[in-house]
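Me: Could you walk me through the fold of this one? I have the sequence and the model open.
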Amino acid sequence: MLEPMRWWDIEQVTHLEEVLFPADSPWTAAMFWSELAQGHHYVVAREGERVLGYAGLARSVDLAEVQTIGVHPSYQGRGLGRNMMDNLLEAAAGLPVMLEVRTDNTAAIALYESLGFVRLSLRRNYYQPSGADAYTMERKA
């Protein structure tokens, strides 16, 4: 079930961030606190009290950006990522949506392309400290 991310979810979300992105400077609790304080759209997928996934979107006047998305490794491939992306796209309210994704994350790239995103550019050494490359992708309004 998806629901808005709340402050009490941050501990589980930051732990999941560390599991999912250990080589790429996982987001800290302070970063998630800041995102929630700014009123950005964040959701969590949960089973009981356990957070299985999270996703966030920032909107401006003419553009929305997927800030982050992650699904617990044991639950990947079960549709949670798609469900959260559908929620973010709905929250984008018809704006174009941008995101960055590691070039080696083929499952995520396939998901984004199935949702209408196209690759715009390659950002070399985007993720730090690993130095992994990223594609910038966009879904038109």
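Reply: Two strands count as paired if DSSP finds at least two bridges between them, and helices (H or I, at least four residues) and strands (E, at least two) are DSSP runs numbered from the N terminus. This is a predicted model, in which local features need pLDDT of at least 70, side-chain atom pairs count only at pLDDT 80 or more, and totals for chains, interfaces and linings use all residues. Residues are numbered from 1 along each chain as its sequence is written, and side-chain values use heavy atoms, with hydrogens and water left out.

Me: OK, in what order do the 7 strands of the open sheet come?
Reply: The order is 1-2-3-4-5-7-6 with mixed pairing, and strand 1 (2-4) and strand 6 (118-123) are the edge strands, each pairing on one side only.

Me: How many bridges join strand 3 to strand 4?
Reply: There are 7 between strand 3 (residues 50-59) and strand 4 (residues 64-71), which run antiparallel; Ala-58, for one, has Glu-65 in strand 4 as its bridge partner.

Me: Switching to helix 4, which of its residues are buried?
Reply: Ala-108, Ile-109, Leu-111 and Tyr-112 are buried, meaning under 20% relative accessible area, where exposed is over 50% and partly exposed lies in between (1.4 Å probe, protein chains only).

Me: Why are they on the same side of helix 4?
Reply: Because they cover an arc of only 160 degrees around the axis, the arc being that of the directions from the helix axis to the C-beta atoms.

Me: And which exposed residues are on the face turned away?
Reply: That face of helix 4 carries Thr-106 and Ala-107.
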